[in-house]
Amino acid sequence: MRYIMIAILILTTAGPAMGLSDVFDDKIYDMGALKPTDSVLKVNAGDLAPEFTLPAISGKTVSLSDFRGQKNVIISFVPAAWTPVCSDQWPGYKIAAPLFDRYDAIVLGITVDNLPTLYAWTMQMGSLGFDVLSDFWPHGRTAAAYGVLRGDGLAERAIFIVDKSGMVRYAHVSDINQRPELGRIVEALGKIDQKQDAP
Amino acid sequence: MRYTITFLLALWVVAPGAWSAPIDQNLPSLNLPAPEDAAYRQYLGIGDAPSFTVADINARVVIVEVFSMYCPHCQKEASVINDLYRQISAHPQWADQIKMLGIGAGNSAFEVNYFRETYHIAFPLIPDPHYDIHQAIGDVRTPYFVVFDLSRSGSPHIVYSEPGGIGSPDSFLKTVLSRTPLSR
């Protein structure tokens with residue numbers, strides 16, 4: 001009984017969970033400070049973006065080539081569901097949608113989590129307005145193709161912008177502990193020639 | 001029995017303190033970056049100084065919201081906060097005596113401005129891109145509201161400090177003003 005009380009005392013003084021938004025209450029798992037990056041980027045601006053076909057929480061199967069000739073694609077890799085920075089990043093892209101629309105761009109979110117996990121997590125965030133894809137199995141194959149699969153099995157926190165011809169126009173791997181700044185994404189979108197022709 | 005009493009006493013003493021952020025100690029004296037827009041500086045009454053503290057604001061009551069562009073609750077709360085601002089601005093007595101300020105935790109100037117434009121926020125919002133302010137006040141959840149009473153002598157006195165939304169603007173104002181000399 002003594003040890004149970006001590007444990008309770010320690011737990012109540014351990015400090016609040018790390019999730020920033022109140023929407024997650026105590027559901028966020030604090031992974032602590034991770035190594036900022038742990039991969040070797042395989043894709044750079046000017047390269048043809050590696051094709052992928054992944055299952056989505058919408059129930060569809062989504063391929064990058066689905067958007068060829070139609071939309072610029074912002075691929076947002078985040079490390080894991082139910083973790084602090086990730087839970088604090090995608091809700092911002094929801095309200096940034098009108099901004100992305102100006103550049104004829106859509107967002108695809110990708111993590112290495114399985115679909116049920118992604119579904120539960122994104123429902124907690126509310127409707128995001130973009131599809132979220134699972135790179136769970138084969139584990140991290142798409143992340144690996146882009147060079148953003150970490151040694152611990154997570155994906156990096158990375159943004160790739162692919163234009164309508166399938167070319168990578170922006171590739172950036174952030175410090176995994178920090179959210180990418182929106183202004184940089186918008187700046188990169190602004191540099192894409194909106195009059196590009198479909199191949 | 002002795003251990004049970006000791007435990008309960010320790011819990012009562014330690015737990016609330018462990019969970020409370022150092023807002024009381026830090027936010028009133030923190031140097032905050034002054035808004036670039038002259039109209040916002042004029043609203044706050046802080047002149048042309050590059051930085052200011054809550055105590056420098058020309059008001060008797062200051063309502064501070066710690067928010068994030070990326071926070072779903074902050075996004076939903078925006079319309080409520082706008083109603084609060086409108087109610088205050090339309091009141092003949094409160095308009096000059098109650099000021100509002102937002103701190104964008106972890107948000108760059110671009111992100112803060114985008115949040116402002118998206119939700120038509122009329123009061124000043126300042127960026128805190130590296131979480132410096134946010135960490136200094138205890139890594140609070142967002143949204144988080146702090147209300148200061150500046151009518152007393154000495155350091156601004158905190159009369160309200162809570163996470164989450166404010167409920168209705170009317171009930172919020174009733175609550176916080178009842179804790180200040182400012183009468184309805």
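**Entry 1. Core packing.** I began with F100(A), which touches I74(A), Y93(A), A105(A), V107(A), L182(A), I185(A) and L189(A), leaving aside residues up to four places away in sequence. I note that the model is predicted. I then asked which residues touch the most other members of the largest nonpolar core. They are Y93(A), F100(A), L182(A) and I63(B), in a core of 86 residues. Helix 4 of chain B, residues 72–90, gives the largest share of this core, with seven residues. I also found a second, separate core of 23 residues, which includes A56(A), V62(A), I110(A) and L133(A). As background, I recall that nonpolar side chains tend to be buried together in soluble globular proteins.

**Entry 2. The sheet of chain A.** I traced an open sheet of five strands in chain A, with mixed pairing and the order 5-4-3-6-7. Strand 5 (131–134) and strand 7 (168–174) of chain A are its edges, each pairing on one side only. The twist from one strand to the next averages 20°.

I next followed the pairing of strand 4 of chain A. Strand 3 (residues 72–77) and strand 4 (residues 105–111) of chain A run parallel and are joined by six bridges. Within this pairing, S76(A) has G109(A) in strand 4 of chain A as its bridge partner. Strand 4 and strand 5 of chain A also run parallel, with four bridges between them. There I found T111(A) opposite S134(A) of strand 5 of chain A.

Are the residues on the two faces of strand 5 of chain A buried or exposed? I found D131(A) and L133(A) on one side and V132(A) and S134(A) on the other, all buried.

**Entry 3. Helices on the sheet of chain A.** Helix 5 of chain A (residues 115–125) lies across strand 4 and strand 5 of chain A, and runs at about 150° to strand 5 of chain A. Helix 7 of chain A (residues 182–190) packs on the sheet, where it touches strand 3, strand 4, strand 6 (157–162) and strand 7 of chain A. The direction of helix 7 makes about 20° with that of strand 6 of chain A.

**Entry 4. R179(A).** I located R179(A) in the loop between strand 7 and helix 7 of chain A. Why does R179(A) count as buried? Its relative accessibility is 14%, and the cut-off for buried is under 20%. The side chain of R179(A) reaches the backbone oxygen of G106(B) at 2.6 Å. Residues that R179(A) touches include D88(A) and R157(A), as well as S68(B), Y70(B), N107(B) and Y131(B).

**Entry 5. The sheet of chain B.** I traced an open sheet of five strands here too, with the order 5-4-3-6-7 and mixed pairing. Its edge strands are strand 5 (125–128) and strand 7 (157–163) of chain B. Strand 3 (residues 61–67) and strand 6 (residues 144–149) of chain B run antiparallel and are joined by six bridges. V62(B) stands opposite F148(B) of strand 6 of chain B. Helix 7 of chain B (residues 169–177) lies across strand 3, strand 4, strand 6 and strand 7 of chain B, at about 145° to strand 7 of chain B.

**Entry 6. Confidence.** I noted ipTM 0.80 and pTM 0.83 for the model. Chain B has a mean pLDDT of 87, with 86% of its residues at 70 or more. Over residues 10–21 of chain B, pLDDT stays under 50, and the model has 15 contacts beyond four places in sequence for them.

Note on methods:
Residues numbered from 1 in each chain as written. Chains lettered and ligands numbered in written order. Predicted model: local features only at pLDDT ≥ 70, side-chain atom pairs only at ≥ 80, totals over all residues. Heavy atoms only, no water. Pairing = 2+ DSSP bridges. Axes fitted to C-alpha atoms, helices over the stretch in contact; angles between N-to-C directions. Contact = heavy atoms within 4.5 Å. pLDDT = per-residue confidence, 0-100. Core = buried A, V, L, I, M, F, W, Y, C linked by side-chain atoms within 4.5 Å. Buried < 20%, exposed > 50% of the residue type's maximum accessible area, 1.4 Å probe, protein only. Polar contact = N/O pair within 3.5 Å; in protein donor to acceptor, adjacent residues only side chain to side chain.
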